[in-house]
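Good morning, everyone, and thank you for making the time. I would like to walk you through one structure this morning, beginning with the whole chain and then settling on a single part of it.

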Amino acid sequence: MRTSMVRMVAGALAAGVGIGFGAAAGAEFSAAPPAYAQQEGEEANVVRVARQATPAVVSVTSRSGAGSGVIIRADGVILTNAHVVGNSREVEIGLANGERRTGRVLGGDPSIDVAVVDVEGAGLPTAPLGNSDELQVGQTAIAIGNPLALERTVTRGIVSALNRNQAQIGLDELIQTDAAINPGNSGGPLLDSRGRVIGINTAILRGAGGVGAEGLGFAVPINLAADVASQVLETGRVRRAFIGIRYNDVTPEMARQFALPVERGIIILAVQPGSPAARAGIRQGDILTRIDATPINSTGDLRRAIRERDPGDEVTFTGVRPEGSFTLRLRLGV
(Lines give C-alpha, C1' and ligand atoms only; values in the text may rest on other atoms or scores of the structure.)
Protein backbone atom coordinates (compact mmCIF):
# COMPACT_ATOMS: atom_id res chain seq x y z
CA MET A 1 0.00 0.00 0.00
CA ARG A 2 2.77 2.42 0.97
CA THR A 3 4.71 1.52 -2.18
CA SER A 4 1.87 2.57 -4.45
CA MET A 5 1.16 5.66 -2.35
CA VAL A 6 4.74 7.00 -2.54
CA ARG A 7 4.91 6.34 -6.28
CA MET A 8 1.53 8.01 -6.76
CA VAL A 9 2.78 11.14 -4.96
CA ALA A 10 5.94 11.24 -7.12
CA GLY A 11 3.96 10.64 -10.29
CA ALA A 12 1.40 13.30 -9.48
CA LEU A 13 4.10 15.86 -8.66
CA ALA A 14 6.04 14.99 -11.81
CA ALA A 15 2.91 15.58 -13.87
CA GLY A 16 2.06 18.77 -12.00
CA VAL A 17 -1.31 17.42 -10.88
CA GLY A 18 -3.41 18.88 -8.07
CA ILE A 19 -1.04 18.78 -5.12
CA GLY A 20 -0.31 22.04 -3.32
CA PHE A 21 3.01 22.50 -1.62
CA GLY A 22 5.49 25.12 -0.60
CA ALA A 23 8.21 24.73 -1.92
CA ALA A 24 22.60 54.05 -6.35
CA ALA A 25 22.59 55.31 -2.99
CA GLY A 26 19.68 57.66 -2.55
CA ALA A 27 20.35 61.35 -2.26
CA GLU A 28 19.42 63.27 0.88
CA PHE A 29 16.79 66.00 0.57
CA SER A 30 15.95 68.76 2.98
CA ALA A 31 12.71 69.60 1.20
CA ALA A 32 9.42 67.68 1.29
CA PRO A 33 9.55 63.85 1.63
CA PRO A 34 9.70 61.93 -1.65
CA ALA A 35 6.43 61.13 -3.38
CA TYR A 36 6.57 57.44 -2.51
CA ALA A 37 6.47 58.34 1.21
CA GLN A 38 2.92 59.54 0.62
CA GLN A 39 1.89 56.08 -0.58
CA GLU A 40 0.87 53.37 1.80
CA GLY A 41 1.53 49.70 2.38
CA GLU A 42 2.55 47.47 -0.50
CA GLU A 43 2.28 50.26 -3.07
CA ALA A 44 4.80 52.38 -1.18
CA ASN A 45 7.12 49.40 -0.89
CA VAL A 46 7.11 48.70 -4.63
CA VAL A 47 7.89 52.38 -5.31
CA ARG A 48 10.76 52.20 -2.83
CA VAL A 49 12.17 49.03 -4.37
CA ALA A 50 11.95 50.49 -7.88
CA ARG A 51 13.75 53.68 -6.85
CA GLN A 52 16.44 51.69 -5.07
CA ALA A 53 17.11 49.08 -7.76
CA THR A 54 16.55 50.89 -11.06
CA PRO A 55 19.95 52.68 -11.10
CA ALA A 56 21.67 49.26 -11.11
CA VAL A 57 19.71 47.97 -14.13
CA VAL A 58 21.48 48.28 -17.48
CA SER A 59 20.72 47.59 -21.11
CA VAL A 60 22.87 45.01 -22.91
CA THR A 61 23.22 45.07 -26.71
CA SER A 62 25.15 42.45 -28.67
CA ARG A 63 25.17 40.88 -32.13
CA SER A 64 22.60 38.41 -30.77
CA GLY A 65 20.12 41.12 -29.82
CA ALA A 66 19.29 43.29 -26.85
CA GLY A 67 18.37 42.61 -23.27
CA SER A 68 18.98 43.73 -19.73
CA GLY A 69 21.48 43.21 -16.95
CA VAL A 70 22.09 44.12 -13.34
CA ILE A 71 25.25 45.50 -11.71
CA ILE A 72 26.20 43.35 -8.72
CA ARG A 73 29.60 44.91 -7.90
CA ALA A 74 30.51 48.59 -7.80
CA ASP A 75 33.59 47.95 -9.94
CA GLY A 76 31.38 47.02 -12.90
CA VAL A 77 30.53 43.31 -12.67
CA ILE A 78 27.18 42.66 -14.38
CA LEU A 79 24.95 39.59 -14.51
CA THR A 80 22.84 38.96 -17.60
CA ASN A 81 21.67 36.02 -19.75
CA ALA A 82 23.99 33.92 -21.88
CA HIS A 83 21.51 34.14 -24.75
CA VAL A 84 21.66 37.95 -24.62
CA VAL A 85 25.43 38.11 -25.14
CA GLY A 86 25.55 35.10 -27.48
CA ASN A 87 29.05 34.54 -28.84
CA SER A 88 30.06 38.19 -28.49
CA ARG A 89 33.31 39.03 -26.73
CA GLU A 90 32.18 42.62 -26.25
CA VAL A 91 28.73 44.17 -25.76
CA GLU A 92 27.37 47.67 -25.39
CA ILE A 93 26.16 48.55 -21.90
CA GLY A 94 23.70 51.36 -21.31
CA LEU A 95 23.82 52.75 -17.78
CA ALA A 96 20.85 54.33 -16.03
CA ASN A 97 22.47 57.78 -16.27
CA GLY A 98 22.49 57.56 -20.06
CA GLU A 99 26.15 56.63 -20.50
CA ARG A 100 27.10 53.97 -23.05
CA ARG A 101 30.11 51.82 -22.24
CA THR A 102 31.80 48.79 -23.73
CA GLY A 103 31.37 45.65 -21.69
CA ARG A 104 33.76 42.69 -21.82
CA VAL A 105 32.12 39.26 -21.64
CA LEU A 106 34.12 37.33 -19.05
CA GLY A 107 32.28 34.03 -19.40
CA GLY A 108 29.17 32.22 -18.26
CA ASP A 109 27.16 29.03 -18.45
CA PRO A 110 24.73 28.64 -21.37
CA SER A 111 23.21 25.55 -19.71
CA ILE A 112 21.64 27.82 -17.09
CA ASP A 113 21.55 30.95 -19.31
CA VAL A 114 23.85 33.13 -17.20
CA ALA A 115 26.71 35.35 -18.41
CA VAL A 116 29.10 37.69 -16.62
CA VAL A 117 30.08 41.05 -18.15
CA ASP A 118 32.54 43.63 -16.88
CA VAL A 119 32.64 47.37 -17.56
CA GLU A 120 35.34 49.75 -16.40
CA GLY A 121 34.27 51.93 -13.54
CA ALA A 122 34.17 52.47 -9.80
CA GLY A 123 31.41 53.42 -7.43
CA LEU A 124 28.68 52.19 -9.78
CA PRO A 125 25.20 51.63 -8.33
CA THR A 126 24.58 48.02 -7.36
CA ALA A 127 21.63 45.83 -6.42
CA PRO A 128 22.02 43.69 -3.27
CA LEU A 129 21.67 39.93 -3.67
CA GLY A 130 19.10 37.89 -1.81
CA ASN A 131 19.00 34.17 -1.00
CA SER A 132 16.98 32.19 -3.53
CA ASP A 133 17.30 29.01 -1.46
CA GLU A 134 14.91 30.58 1.07
CA LEU A 135 12.20 31.71 -1.37
CA GLN A 136 8.58 30.85 -0.66
CA VAL A 137 5.76 30.47 -3.16
CA GLY A 138 3.45 33.48 -2.91
CA GLN A 139 5.98 36.11 -1.91
CA THR A 140 6.26 39.35 -3.87
CA ALA A 141 8.34 39.40 -7.07
CA ILE A 142 9.30 42.62 -8.87
CA ALA A 143 10.88 42.54 -12.32
CA ILE A 144 12.88 45.41 -13.83
CA GLY A 145 14.22 45.44 -17.37
CA ASN A 146 14.03 46.91 -20.85
CA PRO A 147 11.12 45.16 -22.58
CA LEU A 148 10.49 46.20 -26.17
CA ALA A 149 13.14 48.93 -25.81
CA LEU A 150 11.13 50.57 -23.00
CA GLU A 151 13.97 51.15 -20.58
CA ARG A 152 13.73 50.20 -16.91
CA THR A 153 10.12 49.05 -16.89
CA VAL A 154 8.88 47.80 -13.51
CA THR A 155 6.30 45.02 -13.13
CA ARG A 156 5.05 43.27 -10.02
CA GLY A 157 3.69 39.83 -9.26
CA ILE A 158 4.42 36.89 -7.02
CA VAL A 159 6.70 33.88 -6.95
CA SER A 160 4.31 31.39 -8.57
CA ALA A 161 6.43 28.24 -8.23
CA LEU A 162 9.97 27.08 -7.54
CA ASN A 163 12.34 24.54 -9.05
CA ARG A 164 10.53 24.54 -12.38
CA ASN A 165 11.86 22.41 -15.24
CA GLN A 166 11.11 23.83 -18.68
CA ALA A 167 11.94 21.54 -21.59
CA GLN A 168 10.74 24.20 -24.05
CA ILE A 169 13.61 26.48 -23.07
CA GLY A 170 16.01 23.76 -21.94
CA LEU A 171 16.43 25.03 -18.38
CA ASP A 172 15.64 23.74 -14.92
CA GLU A 173 15.67 24.88 -11.26
CA LEU A 174 13.78 28.00 -12.41
CA ILE A 175 11.70 30.47 -10.43
CA GLN A 176 8.26 30.91 -12.01
CA THR A 177 6.59 34.29 -11.64
CA ASP A 178 3.52 36.07 -12.96
CA ALA A 179 5.32 39.43 -12.95
CA ALA A 180 5.09 40.54 -16.59
CA ILE A 181 8.26 39.63 -18.50
CA ASN A 182 8.63 40.46 -22.19
CA PRO A 183 11.38 40.41 -24.83
CA GLY A 184 14.10 42.73 -23.58
CA ASN A 185 13.55 41.82 -19.92
CA SER A 186 15.99 38.94 -20.34
CA GLY A 187 18.96 39.36 -18.05
CA GLY A 188 17.31 41.90 -15.76
CA PRO A 189 16.73 41.34 -12.05
CA LEU A 190 13.79 39.73 -10.29
CA LEU A 191 13.60 41.31 -6.83
CA ASP A 192 11.91 40.55 -3.54
CA SER A 193 9.94 43.01 -1.43
CA ARG A 194 13.14 44.25 0.22
CA GLY A 195 14.77 45.08 -3.10
CA ARG A 196 17.18 42.15 -3.10
CA VAL A 197 17.88 40.29 -6.35
CA ILE A 198 16.36 36.80 -6.15
CA GLY A 199 16.68 35.85 -9.81
CA ILE A 200 17.84 36.79 -13.30
CA ASN A 201 14.87 36.96 -15.67
CA THR A 202 15.35 34.60 -18.57
CA ALA A 203 12.20 33.71 -20.50
CA ILE A 204 8.45 33.88 -20.94
CA LEU A 205 6.36 31.13 -22.46
CA ARG A 206 3.80 32.13 -25.06
CA GLY A 207 1.11 29.99 -26.62
CA ALA A 208 2.29 26.76 -25.01
CA GLY A 209 0.35 23.83 -26.37
CA GLY A 210 -1.81 26.14 -28.44
CA VAL A 211 -3.08 27.90 -25.33
CA GLY A 212 -2.06 31.39 -24.31
CA ALA A 213 0.66 31.26 -21.67
CA GLU A 214 0.68 34.87 -20.58
CA GLY A 215 1.92 35.28 -17.03
CA LEU A 216 4.39 32.39 -17.23
CA GLY A 217 7.74 34.08 -16.69
CA PHE A 218 10.90 32.40 -15.46
CA ALA A 219 14.09 33.47 -13.74
CA VAL A 220 17.37 31.75 -12.87
CA PRO A 221 17.74 31.63 -9.05
CA ILE A 222 20.27 34.23 -7.91
CA ASN A 223 22.26 31.75 -5.82
CA LEU A 224 22.89 29.72 -8.96
CA ALA A 225 23.74 32.81 -11.02
CA ALA A 226 26.02 34.18 -8.29
CA ASP A 227 27.86 30.86 -8.15
CA VAL A 228 28.52 31.14 -11.89
CA ALA A 229 29.80 34.68 -11.43
CA SER A 230 32.08 33.63 -8.58
CA GLN A 231 33.62 30.80 -10.62
CA VAL A 232 34.08 32.97 -13.71
CA LEU A 233 35.75 35.74 -11.71
CA GLU A 234 37.99 33.34 -9.78
CA THR A 235 38.93 30.75 -12.41
CA GLY A 236 37.60 31.96 -15.76
CA ARG A 237 35.41 28.90 -16.21
CA VAL A 238 32.35 27.20 -14.74
CA ARG A 239 32.08 23.66 -13.39
CA ARG A 240 28.75 22.45 -11.98
CA ALA A 241 28.18 19.17 -10.22
CA PHE A 242 25.36 17.11 -11.75
CA ILE A 243 23.08 14.46 -10.23
CA GLY A 244 20.37 13.87 -12.84
CA ILE A 245 17.15 14.08 -10.84
CA ARG A 246 13.96 16.12 -10.71
CA TYR A 247 12.60 16.60 -7.24
CA ASN A 248 10.38 18.64 -4.95
CA ASP A 249 9.82 19.33 -1.27
CA VAL A 250 8.13 16.95 1.12
CA THR A 251 6.06 19.01 3.56
CA PRO A 252 4.28 17.95 6.77
CA GLU A 253 0.95 18.56 5.01
CA MET A 254 1.90 16.29 2.12
CA ALA A 255 3.22 13.66 4.52
CA ARG A 256 -0.09 13.59 6.42
CA GLN A 257 -2.19 13.51 3.26
CA PHE A 258 -0.27 10.66 1.67
CA ALA A 259 0.92 8.82 4.79
CA LEU A 260 4.57 9.34 3.90
CA PRO A 261 7.17 7.94 6.32
CA VAL A 262 8.88 11.33 6.92
CA GLU A 263 7.66 14.92 7.16
CA ARG A 264 10.71 16.60 5.63
CA GLY A 265 12.99 15.81 2.72
CA ILE A 266 12.81 15.86 -1.06
CA ILE A 267 10.83 13.39 -3.14
CA ILE A 268 12.29 12.21 -6.44
CA LEU A 269 9.96 12.94 -9.37
CA ALA A 270 12.16 11.56 -12.14
CA VAL A 271 15.64 10.12 -12.68
CA GLN A 272 17.49 10.82 -15.92
CA PRO A 273 18.58 7.58 -17.61
CA GLY A 274 22.35 7.06 -17.52
CA SER A 275 22.85 9.88 -14.98
CA PRO A 276 24.91 9.63 -11.77
CA ALA A 277 21.63 9.19 -9.87
CA ALA A 278 20.54 6.32 -12.07
CA ARG A 279 23.92 4.60 -11.74
CA ALA A 280 23.80 4.99 -7.97
CA GLY A 281 20.35 3.40 -7.76
CA ILE A 282 18.14 6.38 -6.93
CA ARG A 283 14.53 5.72 -8.00
CA GLN A 284 11.40 7.73 -8.66
CA GLY A 285 9.49 8.00 -5.39
CA ASP A 286 12.58 7.86 -3.16
CA ILE A 287 12.67 10.50 -0.43
CA LEU A 288 16.15 11.85 0.29
CA THR A 289 16.69 13.13 3.84
CA ARG A 290 20.47 13.62 4.14
CA ILE A 291 23.56 14.25 2.01
CA ASP A 292 26.68 13.20 3.90
CA ALA A 293 26.15 14.71 7.37
CA THR A 294 23.83 17.49 6.18
CA PRO A 295 20.04 17.11 6.63
CA ILE A 296 17.94 17.72 3.51
CA ASN A 297 14.75 19.41 4.67
CA SER A 298 14.01 21.18 1.40
CA THR A 299 15.12 21.54 -2.21
CA GLY A 300 17.19 24.56 -1.18
CA ASP A 301 19.23 22.39 1.20
CA LEU A 302 20.16 20.01 -1.63
CA ARG A 303 20.99 22.78 -4.12
CA ARG A 304 23.18 24.53 -1.54
CA ALA A 305 25.02 21.30 -0.72
CA ILE A 306 25.67 20.45 -4.37
CA ARG A 307 26.97 23.96 -5.14
CA GLU A 308 29.60 23.42 -2.44
CA ARG A 309 30.91 20.28 -4.15
CA ASP A 310 32.85 19.65 -7.35
CA PRO A 311 32.17 17.27 -10.24
CA GLY A 312 33.79 13.94 -9.40
CA ASP A 313 33.21 14.23 -5.65
CA GLU A 314 31.54 11.26 -3.96
CA VAL A 315 28.60 11.89 -1.65
CA THR A 316 26.45 9.66 0.53
CA PHE A 317 22.67 9.99 0.31
CA THR A 318 20.39 8.74 3.06
CA GLY A 319 16.68 8.36 2.47
CA VAL A 320 13.56 6.24 2.69
CA ARG A 321 11.61 4.22 0.17
CA PRO A 322 8.70 1.77 0.59
CA GLU A 323 11.10 -1.03 1.48
CA GLY A 324 12.62 1.03 4.29
CA SER A 325 15.64 3.26 4.89
CA PHE A 326 18.58 3.23 2.50
CA THR A 327 22.06 4.68 2.08
CA LEU A 328 23.92 4.89 -1.21
CA ARG A 329 27.06 6.42 -2.66
CA LEU A 330 26.96 8.70 -5.68
CA ARG A 331 29.77 10.23 -7.73
CA LEU A 332 28.76 13.68 -8.96
CA GLY A 333 28.89 14.23 -12.69
CA VAL A 334 29.49 17.35 -14.77
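Let me start with the overall make-up, where the protein chain contains 7 helices and 18 strands, and please keep in mind throughout that what you see is a predicted model. The chain has 334 residues, of which 49% count as buried.

Now I would like to turn to strand 15, which covers residues 287–291. Which strands does strand 15 pair with? One partner is strand 14, residues 265–271, which pairs with strand 15 in the antiparallel sense over 2 bridges, and here you can look for Ile266, whose bridge partner in strand 15 is Leu288. Another partner is strand 17, residues 314–321, which runs antiparallel to strand 15 and is joined to it by 4 bridges; within this pairing, Arg290 stands opposite Thr318 of strand 17.

There is also strand 16, made up of residues 294–295, which pairs with strand 15 in the antiparallel sense over 2 bridges, with Ile291 standing opposite Thr294 of strand 16. Strand 15 and strand 16 form a hairpin that has 2 residues between the strands, and in that hairpin Asp292 takes a positive phi near 50°.

Note on methods: Residues numbered from 1 in each chain as written. Predicted model: local features only at pLDDT ≥ 70, side-chain atom pairs only at ≥ 80, totals over all residues. Heavy atoms only, no water. Pairing = 2+ DSSP bridges. Buried < 20%, exposed > 50% of the residue type's maximum accessible area, 1.4 Å probe, protein only.
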